[in-house]
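The sequence and structure are shown first.

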Amino acid sequence: MSERVLVIVESPTKARTIKRFLPKTFSVEASVGHIRDLPQNAAEIPAALKKEPWAKIGIDVDHDFAPLYVTPRGKGKVIQQLKRQVKEADMVLLATDEDREGESISWHLVQVLKPKVPVKRMVFHEITKRAIEYAVEHGRDIDMNLVNAQETRRILDRLYGYTLSPLIWKKIAYGLSAGRVQSPGLRLLVDRELERIAFKKSTYWDAKADLFRPEDGASKSFEAKLESLGGQRIAGSKDFDSITGEKKGKKSLVLDRSEAEALVERLKQGTWSVESVTEKQSRNRPAPPFITSTLQQEGNRKLRLSARNTMQAAQRLYEQGFITYMRTDSPVLSSEGTALARQAVEKHFGSKYLSNEVRRYSAKSKGAQEAHEAIRPSGETFRHPDETGLTGRDLALYSMIWKRTLATQMAEVEKATTTVKIAAEDALFTASGTRIVFPGFVRVYVEGKDDPEAALDDRESWLPKLSEGMTVSLKDLAPVPHETKPPARYTEATLVKQLEQLDIGRPSTYASIINTLHQRGYVQTQGNALVPTFTGMAVIQLLEENFQDLIEYSFTSSMEDSLDRIAEGEVNRLEYLKQFYLGDQGLKHQVERREHDIDPGKSRIIKLPQISCIDGIRIGKYGPYVLVDAKDETVHASVPEDIPPGDLKDEDIEHLIKVQKEGPKPLGYDPESGLPVFFLTGRYGPYFQLGEKSDDQPKPKRASVPKGKSPEAMELDEILKLLSLPRTLGAHPETGKDITAGIGRFGPYVSHDGEFRSVKDEQQLHEITLDEALNLLARPKQGRGGVTVLKELGVSSSGKKITLCKGKYGAYLKHGTKNVALPKQMKNEAAAEKLTLEEAEKIIKTGTKGTRRKRS
């Protein structure tokens, strides 16, 4: 093909990768995402339309829900560049991603660029030479069903959010929001918190015996657990309701402490003999290949990555040609993918580890509608992780994908489980042991577990050779207490799993849903758990009391089904939008009917079932608080935002009110200043304060309680050390400016003239000397992802700092928060080091020597 062909993709990285596989007559440009979108704020609305009543929403409801598309800020230059390239081309190939979003970007490109030459969609699900060459030869037209489905989804989201959110601003607080998928997702977290509040703890007991064969000796003991007593099964965790915590049925026997202890004393004197020995063979199959949702789940379980970080890493791997397309609902492996997986298994583990037959997978979800193959390594061979040159989380994620894909074509795990029943008087104990007969796919991959007890099933456990009638000796016998535990809070992995099971949203949207919940302040993370905040609970309370059907899980699921049918051309999108928004039970009419009946005062009070000492937790401008009338005064007390709503108790409220009424009592006094030291609780949690707030001292020194430490267990000397920070270590010999040591948002640090370096721990912070701090500051600054700061060039005419950095792909400039690529001849570190401030400013101003992008 000798004609000039312009290929347009979404990102510069994808452009660079694709260009390697195309002829020289092809040029590849990036649109850097969407070039048109609905207006994000009033400033983006064209002046001629600002007075239109529908302009704020960006949807002209009265004219067939026509969307108002505008050019986002900063995209004008991109569009002009693409228009110039289109004029010089004989053909345009739109190589955006193969899902609805990618189809929509391509359609918008055609609408804006208006090419007069032939235009085709270039579709592929992996960036390899063969896939790209095939896509060039087999272009297709833009699929308008997919475009309509994406546009309908966007319009629905806008109508839902922009109709309900202003109401929430008026009734609770400004800046809050509701969302078509976001709100049901938040409801899941709130419902789980309420389940934990309603949970009733139950206690039950059993017994554990350490036994051994007399010929082996006590050093080779094995464990047996009490199974039944007098023929009646002993109650275990499965006999209690996982939601309420209460006992289910009457078939099992619940032992209390005294009964368990009496049983243990009685059995210590008895004879222990083997009643039966059985062995059972079992096989385990590997998990299916990754789809978007399972990749996010395993990324969270195994790599401790958020859904957003997992998808960002997967996007990079796809755009660099390491994996197939990462937004997919289908676990199907192509015949090529299956063959490559089997080749890799045979190469690295031998033919005996291959499954006897090719293992094939199919989609379970009725809404599977994105790419049509699972996420797997791309290319003509599956590159071993050690051969990729990847680092950090990209390497970790690729390794996980590589291993899981190979596992799908490996032999099953063969296990032998031996179960031994051991009698002692009227009690029956059970011991079990598992041995791996053949490891099969676990040689390469074991799926993560959300339940720690379930994870134990995959382990080998030892038992000695035992036979029926054999007498065994007792080494130790002890009663064992158990407590039922409330339902676990969702992690990102379990939330994604539940969203998928309920058919809420689509896997490609889960990362943005969770991110939005964090950004709105509806959720906080404690460890790996997602905890709803008081504000999040207030929003769901308002929606449940007034718009219950809009956050019903089945309602959201049915919307997804309708959007899928629009994508297939089975449903008329305009009729669907009219029914959703303008129907008798449509969103617009529901809000209009209910708005005036909603009392803002009541909407800002959260009713928690476990709190009886006050009328509820209130949401204020500065966070949650309680309010009580005490004699001649009204007492306001802040509720720390880091206390999960489900963990708050009457005693906590009473303590907050008492401290607020009586004032804090000093923990002791600072020997140097003579000022009292207080322990206080504020909006952001507990902290220490030196001295009282007064006109002379409006901002007394404060220090947060270090993470993982109990304030009650801290000695006064340790508290005073915290309050002494930041401390001055001395002056820098070159600048004369102070070097200080302190604790900031990202932990302990030393700083000088705006430069910061991390310190290992808090103890080192109190002991570090001026010389040690100077050595730390002299080292190159390490940024995220292995980025090294080579040189501080100075401040630009716009007042932003310009820094020369070195990353994975060589040297580049950082101007404020933006990264700016250097010309090719300056990519090498030695050449870049010679760069002056004036030269750097010229590169930044022209913006043509390299790609400029906002920091991710």
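In strand E18, Pro624 is the bridge partner of Ile619. In this predicted model, E18 covers residues 623-630 and is joined to E17 by three bridges, the two strands running antiparallel. Together E17 and E18 form a hairpin, with two residues between them.

Strand E17, residues 617-620, is also joined to strand E16, residues 605-606. This pairing consists of two bridges and is likewise antiparallel. Within it, Ile617 of E17 stands opposite Ile606.

## The sheet of E24 to E27

An open sheet is built from four strands in the order E24-E25-E26-E27, with antiparallel pairing. Its edge strands are E24 (727-731) and E27 (755-758), each of which pairs on one side only. On average, neighbouring strands of this sheet are turned by 25 degrees against each other, direction ignored.

Between E24 and strand E25, residues 738-744, there are four bridges, and the two strands run antiparallel. Gly730 has Ile739 as its bridge partner in E25.

## Two points of backbone geometry

Most residues other than glycine have a negative phi, and most peptide bonds are trans. Against this background, two places in the model may be noted.

The peptide bond from Leu725 to Pro726 is cis, and its omega is near -5 degrees. Pro726 lies in the loop between helix H21 (716-723) and E24. The other place is Glu425, a residue other than glycine whose phi is positive, near 55 degrees. Glu425 belongs to the loop between strand E11 (413-424) and strand E12 (427-438).

Strand E11 includes Lys421. Lys421 and Ser273 are separated by 148 residues in sequence, yet their C-alpha atoms are 8.7 Å apart in space.

Neighbours within four places in sequence being left aside, Lys421 is in contact with Glu227, Ser273, Val274, Glu275 and Ser276, and also with Leu428, Phe429 and Thr430.

## Packing of helices H6 and H13

Two packed helices are described by the angle between their axes and the distance between the axes. For helix H6 (residues 182-198) and helix H13 (residues 492-501), the angle is about 120 degrees and the axes are 11 Å apart. H6 and H13 are therefore oblique to each other. The crossing of H6 past H13 is right-handed.

On the side of H6, the contact is made by Gly185, Leu188 and Leu189; on the side of H13, it is made by Leu495, Gln498 and Leu499. By class, four residues in the contact of H6 with H13 are nonpolar and two are polar, while no charged residues take part.

## Confidence of the prediction

How high is the mean pLDDT of the protein? The mean is 88, and 95% of the residues reach 70 or more.

Two stretches have pLDDT under 50 throughout: residues 452-456 and residues 848-856. Beyond four places in sequence, the model has two contacts for residues 452-456 and 18 contacts for residues 848-856. Where pLDDT is low, the predicted coordinates should not be read in detail.

Notes. Residues numbered from 1 in each chain as written. Predicted model: local features only at pLDDT ≥ 70, side-chain atom pairs only at ≥ 80, totals over all residues. Heavy atoms only, no water. Axes fitted to C-alpha atoms, helices over the stretch in contact; angles between N-to-C directions. Parallel < 35°, antiparallel > 145°, perpendicular 65-115°, else oblique. Left-handed = near helix turned anticlockwise from the far one by under 90°. Contact = heavy atoms within 4.5 Å. Nonpolar A, V, L, I, M, F, W, Y, C, P; charged D, E, K, R; others polar. Pairing = 2+ DSSP bridges. pLDDT = per-residue confidence, 0-100.
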